[in-house]
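Let's walk through this structure together, one contact at a time. Have the chains in view and follow along as each part comes up.

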Amino acid sequence: MSIEVSVDSRASGGLKLIPYIPRDRPCRLEGRNGIGKSALIRLLVLASGHQPYLHEPAAWASLKALVGPTVLTISGMSGEHTTAKLTLTPDEWPDIPDREIGPWLGHLSIDGATAQIEELFDCFSVVHLVGTERLSDTLRQQYARFSTALNETSRQLSSIDDQRAELGEIDDQLRFVSPQAVATDSVARLAAEKERRDLEPKLKSARDRVNDLQLAAGIQAMLDATSESGKADEIQQLRQKLTAARAELPQREQALENALRRLSRGTAAQQAAEKAERRLSEAIDAVDRSNTRQLEIGRHLAELGIDPQSPTLTSEEAELLRQAIEAAEADFVKLRKAALRQRRSQAENEVLDELRVVLSSAEERGLADLVLFDLDGTGISVSMVRNALGGHASEPIEDDPELSKIEARLSELRELARLFADRPELAKKLDGAIKQAEKDTGSDGHDDLQEAVATARIQRDKTNSAIRSLNSRIGALSPAGFPDIAIEDAKRQVDELLQKYNVEWPNLGNELTNSINTLTSFQDEDRNLRSVISSYDDTAAERRVARENLWHKIHTKQSHSWLKGLAEQVPHAQESPKPSSAWPDDTWEFLSERVSAARQALGSLVGQIEGLTTVAMDTGSTGALAEALDALVEQDLRDELAARPIAEALFDGGNVNTVDLTEQTVTWTTPHGETRTRPLTAFSSGEQALGFIRARLQQVADSPADNRLVFLDEFGAFISADRRKPLAELLISDSVAALTNEVIVVLPLQADYEAELEQTTGELHDDYARRVAAVNARGYFTEVLKS
Amino acid sequence: MNDADLVVRLVEQVARGAARELSADDASAGHDRDEAVTMLKALQHNQFDVFDAIVSWAREH
C-alpha cells in the first residue's frame, strides 16, 4: 500500500508548493521548474521529524515567513493509523533552524484525533536523495555538520561570559586565602626574618664603627683646627675659668640665702624686703635656667638654622621648629609601634593587623569619619581607632636605643618650644619682681641687711652670667659635636678609637667613607627587610579578613552558594555553624584547587571551541585543531563508505581502511587481500557516480520503514535516454526492490511534450497528451515510472 | 548523533591528538585537555550554568 500527500497551501510571497503526490509507485513526478517540487519535499522531510534547513538559516527564515498555515494531509498509511493531518504553525517556529523538531512545527491530528507531533515522526518517514550528490558533497556536509555544532556551542559559551568573569574573581579570592598561599608567604617571611636577624649584628658593628670613626675624625679635626689657630689654648683657659665659676656658684647661692635669712629676721619692712628679694631672686633664677637650658639643647635650633642664643623666634623660625617637632613625633610613633610590635605576641599582632585591614578598607571607602562606638561620651571614629591602633604600651620601653634617641630629641624639641612659649611670662614675672623689690626695699632709705642681700644677689647673678657666657664662648670656639672634654683627653680618645679599629690616621678618611657606605648598604637592606616582613604581616591579615568575608558570602549569598556544594565534596568535610575557623585548611585548599582547575579547564575549552569553530569554517586550515577536525571527518566518512552496500559498489566488496583528506584518497583492502588506493575525485563521475547512488539507495533499502517516501531528486542524468537503462536496472534490482513502493523520481520537464505531441502515435501519443494536459493544468504530471 | 555529542567527540579528539604528540613525560598537558572534555560534558549536562557545572565536574575528579 502506498501513501498519498495532499497539500492545502497557504503559502504567500512567491513560495509555491505542488498540491498532490499520488499513490503511484514507483512514481515519476516531472514538472516545470519553480512550481514547488523541492519545497514540498523539504516540508515533508520536516514533517517526518528531520531538519533539512540545518545549514541554511536564510532559506529557513524565508520558509518561516512565507509558508503560512499550510495543511499537509498524508493518507493511505499502513499500520495503526491511516491518515495524518498537519497544520503548520510557522509563527511558533524558531528563528534559526533547530536540529530538534518539536511541537512548534504545527497542530497534528491522526485519524481525526489531536495528537502529539512526535507520533507523526514515529509513523512517517521521508528520504531525500539527490542524484547529483558526490563524495565531495558528503565531505562538505561532514564539515558543515561540525561547523554548525561548533557555532552552537560557541554561542552557548558566549552566553556564560559573565559567569566566567565572576568565576575568575572567585578563583582569585580563593587563591589569595588558600593555605598554600599562606604557607608560601609564611616560609618567605621566616626567611626574611632570619636574614634580618643575621643582619642585626653586622648593622650594629657597622654603626658603632661609623660613630667611632666619625667621632675620632671630628675630634681630630677640632684638635687640628684649634692647634692651628691657637684656639686650643683659649679654650683651655676658658674651661679653667668655667670650672672656677661653677665651683663659685654654690658659695654665691649660699651667701644670698644667708643674707636673705638675716633680712627675714629683721623689722617688718625688712621682712617684706626679704620676700620681695626672694621673689626677684627666683624670677632671675627662672630666666637664667630658661636661658641656660636653651643653650644646653640649642643644637637642635642650630640644626634648623636658628641662632641657639636667640631669646625669641620669628614666625618663620617658630614654624620650622613646629615642623621639626611634627616630624620627630611621626618618627617616634613609627618606631614606638615597631618596638611594641616586637614585644607583642603573634596572636596580639594578628588581632591588631586584622583590625587595621578592616579600618583601612573602611577609610578607602570614604568611611573615615564613621563613629564606631561611644566611649565616655566621645564618639570614636574609624580614623581615630586606625591612628591609635597599636600604640598602647602596658609597660615603658627602655631597651631600644634608637627609640630612646628619637624620644629624647622629641622631648628636647618640645622643651625648646615650651621655653620660647614661657619666656614672655618669665619676663613679665621678672619685671613685676623688680618693681616690687624696688618698692619694698628702697622706701626707708639705706639698710645694711638689704644692701647685703642685693650685693649677694648681684654676685650670684654675675657668676651665673659668667658660666653662661663661658659656655657660650667655648661652644662658639668648638666645632659642632665636640665633646665637653679636655684637649689631652680628646687626643687620647682619638688614639684609642683608631687602635680599636686598627686604622692608621692617614687612612681615616677613606676608612670612614667605606664604613659609611657599608652602613648605608646595611641600613638599606634592613629597611627593605623590615618592609618585606611588614608587607607579609599585612598580607597575612588581609588573607584572614578576606577568608572570613568569603566564608560569609558563601553562606549568605546565592551567588556563592554553589561553593558550599563544592565544599561538601571534600572527604570527611563537616559543615559547622562556627565561623571560618570551622572550615579546616583542607577545605579551603580543596576549593581553591578545584575552582582554579575548573577555571583553567573552562578557559582551555573556550579556546579550543573558538579555534575549532574557526578551522571548521575554513577547511584549508592547518594545526592541531584542524588535524583533530579532519581526523573525525575522515573517520565518519570512512564509516559511511565502509557500509556494506557502498563497499560492494565502490570498493570491490572489500574493507575501507582509511580516508586521507590531505591526500584526498580512499584506501581499501579487497577480499583477496589486495590494498588499493584511489583519489576521491575518481568517484565523482560515470559509473562510479551511479555506483555511489546505488549504494545510498541500498543503505535506505537495508533500513525498512513503514509509510516512507523516498524522493530521488535531480536524477535527470539517469533518466535521460542513454542512461535510462542504468536507472531502471537500479530500481528493479533485487537489492532495492523493497523501495519500489516508496520511490518517487522527481524530474524537471524532460521534453517539450506539447511540441512533440503531433509527432507521436499510439500509446506514446496518449501518454504525451495526458502529460501536456497535466502540465498545462498544474505545471507537472505524475505517472508510474516505466523502465 | 546530535550537535552536542559531535562537539564532545571533537574536543575528545583534540585531547587524543595532543596526547599522541606529547611525550610520556608530558602527560599533564594531555590531562588538562581531558579536563576540557569533562568540563564540556558538565556544561551540557547543566544547561551551561558554569557554577552547577563546576560542582558536577569536580565530582568527576
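**Where the two chains meet**

Between chain B and chain A the count is one salt bridge, a salt bridge being a side-chain nitrogen of Lys or Arg within 4 Å of a carboxyl oxygen of Asp or Glu. The partners are A:Asp636 and B:Arg9, whose closest N and O atoms are 2.8 Å apart. Please keep in mind that this is a predicted model, in which local features need pLDDT of at least 70 and side-chain atom pairs count only at pLDDT 80 or more, while totals for chains, interfaces and linings use all residues. Residues are numbered from 1 along each chain as its sequence is written, chains are lettered from A and ligands numbered from 1 in the order in which they are written, and side-chain values use heavy atoms, leaving out hydrogens and water.

Now to the interface as a whole. Chain B brings 28 residues into contact with 39 residues of chain A, where contact means heavy atoms within 4.5 Å. About 3100 Å² is buried between the two chains, and carbon and sulfur atoms give 70% of it; buried area is the accessible area (1.4 Å probe) that two parts lose on being put together, summed over both. On the chain B side, B:Leu10, B:Phe48 and B:Phe51 lose the most area to chain A, together 22% of what that side buries.

**Inside chain A**

Next, find helix 18 (residues 585-617) and helix 19 (residues 624-641) of chain A, which pack at an angle of about 65° with their axes 9 Å apart. Helices here are DSSP runs (H or I, at least four residues) and strands are runs of E (at least two), numbered from the N terminus. Axes are lines fitted to C-alpha atoms, for helices over the stretch in contact, and angles run from 0 to 180 degrees between N-to-C directions. In helix 18 of chain A, A:Gln608, A:Gly611, A:Leu612, A:Val615 and A:Ala616 meet A:Leu625, A:Ala626 and A:Leu629 of helix 19.

Over all chains, the salt bridge count comes to 53. One of them joins the side chains of A:Lys500 and A:Asp212 at 3.0 Å, N to O. This pair links distant parts of the chain, 288 residues apart: A:Lys500 lies in helix 15 (residues 487-500) of chain A and A:Asp212 in helix 6 (residues 179-229) of chain A.

Finally, look at two loops.  A:Asp111, in the loop between strand 6 (106-110) and strand 7 (113-115) of chain A, has a positive phi of about 50° although it is not a glycine.
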